[in-house]
Amino acid sequence: MILRSVILEDFGLYAGVTELDLIPRHRNGGPSPIVLIGGKNGTGKTTLLEAVRLALYGRRALGARVAQTDYDEYLRGRINRGAIAPAAAVGLEFDYAEAGDVHRYRVRREWVVRGKSVVENLLLEKDGEAITSVPRDEWHHFLQELIPPGVSQLFFFDGEKISEIADGEEENEHLADAVRGLLGIELVARLRIDLGLYLARYQQGEDGAIAARLEAVNRDFGIAERRAAQLADEVAELSAARESQARAAEHVRRRFVSEGGDAAVHRAKTEGEREEVRRAVARVEHELRDLSNKLLPFAMAPKLVGVFRTALARASVAGEAQANSFETVRAAVLAWRAEGTPKRQASWNAKHWADLKRFFDAQVVGVPELQASPAFREVGDGAAALARLSEIETLVRPRAAALLDEVDALTQRGRDLDAALARADNAASGVLLDELRLAEQRVGSTEATLKTRQEELKLLRGQTVTLDRERRRLLDEQAASIKGGARAELAARTAQALADYEQRLLEHKLTQLRAEFVRRFNQLARKENLIVEIRIDPTTFAATLIDRSGREIPKGALSAGEKQIYAIAMLWALATTSGRPLPMIIDTPLARLDSDHRTKLVKRYFPAASHQVILLSTDTEVDDRLMGELGSSVSHAYRLDYDQAGGRTTALYGYFADQLELTEKHRALQQA
C-alpha cells in the first residue's frame, strides 16, 4: 500500500484546500522512503494524522465506542473558523494491491452543519469509478475490512500511542485481535468456522446433533454479537445523553437557587428560624435591661468608679486602724491608774485623769475626714461596697460585651433570613421547580435505562464468550469425528489440520515475533544486549522481558527512554513479522528520548521501518544534525507554518533549514 496524497478542506487549522503529495521518490539511485513533515507545536502535524484516520474510518477513528452525538460535536469542532460555509472535508488517495493487481482508491469524507444536525457524506472510488460491487451504505465497512482499524493503529501512530504501550496503559480490547489478524492467524480461525458450517450441512446420523448444535451456536453467536454491538452504541448514546441532561439539570438548579426557588421550597423552615432569632434577640435585650438596672451604668464611668473605690478602701482601712489604736492606749492608761505600775513620779489628781479620759473618748468616737462625706455615709458597709464594685470589671462588663456581640450576630442573621423570605416571595419558583423536577426526572430515567443497557451488554458479552467457547469445542469435536460421508470426513480432517496449523502458526509467528523484537530492541537501545529474550502470552500478547542472567525485567524498571524504545521495537517487530506492506505514519516520536536514542532511531529505524514512512516532527526532534543523519533516506519534506493573523496553517516545500535558506536568498534579492 502506498499513500499518494492527503487533502484537507477547511479542516482544523487548514483553511481552504491543502493537498500534500506523499509518494516517496528515488534519490541517488535508491529508494528514499521518508516523507518528512516538520512543524512547531500547534501548527497542525497531528491534524494530518487525524485526517488520514478520519477519511478511512469516520466515527470509528475516535474509538470503538463513541456516541453519534460526540462524533457530530467532533466534526463541528474540526471545521476551520475562517471557513466561508460551515462545512469541511478530508480526502485520501492510495494504491492497494489485491490478488497481485494494484488498484487506486480515492476516499473523500465531507460534512456540513445544518442547524443542529451534521450531515456527513462518504465518497469511495476504485480506479476512477465509484465502487458498485459493495452497497453504498456498506462502504465504511468495506474500508474497515480493507485496512482494519486495529491493524492501522500499529502503523499509524503518534507519541501518545507509543507512551500507552511503553507505560503499559494500553487497555484496548481489540488489540489482541488486531495482532492476530496482523500475523495472519485470524484467517485460519475463520477458515475453521467456514469448514464447520460446511460440515453442518452435510453431516447426518449421529453427527447430525453436533451439526445442528453448531449451526444453532453460530446463529446465536451472530445474533448476540450484533445485539452487543447495538447495545454498545446505545450505551454510548445514553452516556452522552445522561451527561448532557445532567448539565442541563444543574443549569436549571443554579437558576432555581439564584432566583429564590430554594428559599421558597424551604420557606416554612426559614420562617421558623426567623422566629427563633427574634425570641433570642428579645432574651438578650431583657438581660441587657436587667444589667442596666444594676451595675452596668457604673461600667460607663470606669475612671470615676476607680477613684471612688480607691478612696473607699483607704478610708475604711485608716478609720478602723485609728480606732483600734486609741482603744489600746486608753485601756493601758486605765490599767496604769489602777495598778500604779510603773510608779508615777508626778502628782496626778482627779482632774488630770478626767482630762486624759475626755481626750481618749474624743479620739475613739471621731471619724476621718473622708468618712465625713455624705457619699461614704450612704455606702454603709465599705467592704461589701468594694466587693460589689469589683464585679463591674470581672462580671458585668464582659457579660455586657458578649451580649452585644450576640445581639449583633442575631440581628445580621435576622436580616439574612428576611432577605431570603423576600426572595422567596418574589421568586417564580413554581415554574422553575417544575422545570427542575422534570430535568431531574429525565436524568434519573436516562440513568436507569443506561444501567439496564449496561447490565444487558455485560450479560451479552459473557454470552458471546460462552458461545464462542462452545463453538470451538464443537469444532474440535466435529473435526475429530471420522463418521459421515467422504466429503464430511475430508472436511473434518481438514478442520483438524487447520486447528493444528493454527496452533503451530501461532507458535511459529510468536517465535518470529520474539526474535524480531529482541533484535530490533537491541538495535535501538543504548545499552548493548540489554534483552536476550522475551516471552509473549499467546492469548493476551502480554510481554515479559528476560535479561542476560535469565531474570525477568519488569517494564517499570526500564527508563523512560527504554520504554519508548520498547514500544517502537514492538511495533517494528509486528510490522516486520506480519509481512504486510503498509506505510508508517509516525507523529512526534522523539520527545522523551535522549540524544543517543534519537540518533539510533534516526539511523536505524526510520529508514527501515517501511517502504513509506511519513514522519511528523518538530524542529527540536529532527534538528539539523539528525536531518543530516537521515541523508538520502528523505524523499522530500514539508514545513507547516501557522499564520497568527490569518489563523491558518500553510504547507510549504522544504524543512526548517531549507526554509531559512530560501528566506535569506529572498531577502538578498530584495536588497539587490
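This is a predicted model: local features need pLDDT of at least 70, side-chain atom pairs count only at pLDDT 80 or more; totals for chains, interfaces and linings use all residues.
## Aromatic pairs and a helix contact

Trp111 is buried, its relative accessible area being 2%. Searching the whole structure turns up eight aromatic pairs. Two of them are set out here.

| Pair | Centre to centre | Angle between planes | Kind |
|---|---|---|---|
| Phe11 and Trp111 | 6.0 Å | 85 degrees | edge-to-face |
| Tyr105 and Phe142 | 6.2 Å | 40 degrees | tilted |

Take Phe11 and Trp111. Phe11 sits in strand β1 (residues 2–11) and Trp111 in strand β7 (residues 101–114), so their pairing ties together parts 100 residues apart in sequence. Phe11 also counts as buried, with 0% relative accessibility.

Strand β7 comes up again with Tyr105, whose partner Phe142 lies in helix α3 (residues 139–146); the two are 37 residues apart, and the pair links distant parts of the chain. Tyr105 is buried as well, at 0% relative accessibility.

Now over to the helices. The axes of α17 (residues 560–578) and α18 (residues 595–605) come within 11 Å and cross at roughly 10 degrees. With angles under 35 degrees counting as roughly parallel, that makes α17 roughly parallel to α18. Their crossing is right-handed. On the α17 side, the contact is made by Gly561, Glu562, Ile565, Ile568 and Trp572, and on the α18 side by His597, Leu601, Arg604 and Tyr605. Sorted by class, that contact has five nonpolar, two polar and two charged residues.

Key:
Residues are numbered from 1 along each chain as its sequence is written. Side-chain values use heavy atoms; hydrogens and water are left out. Axes are lines fitted to C-alpha atoms, for helices over the stretch in contact, and angles run from 0 to 180 degrees between N-to-C directions. Helices (H or I, at least four residues) and strands (E, at least two) are DSSP runs, numbered from the N terminus. Angles under 35 degrees count as roughly parallel, over 145 as roughly antiparallel, 65 to 115 as roughly perpendicular and the rest as oblique. A crossing is left-handed if the near helix is turned anticlockwise from the far one by less than a right angle, and right-handed if clockwise. Contact means heavy atoms within 4.5 Å. Ala, Val, Leu, Ile, Met, Phe, Trp, Tyr, Cys and Pro count as nonpolar, Asp, Glu, Lys and Arg as charged, and the others, Gly among them, as polar. Rings of Phe, Tyr and Trp (its six-membered ring) pair if their centres lie within 6.5 Å; planes under 30 degrees apart count as stacked, over 60 as edge-to-face and the rest as tilted. Buried means under 20% relative accessible area, exposed over 50%, partly exposed in between (1.4 Å probe, protein chains only).
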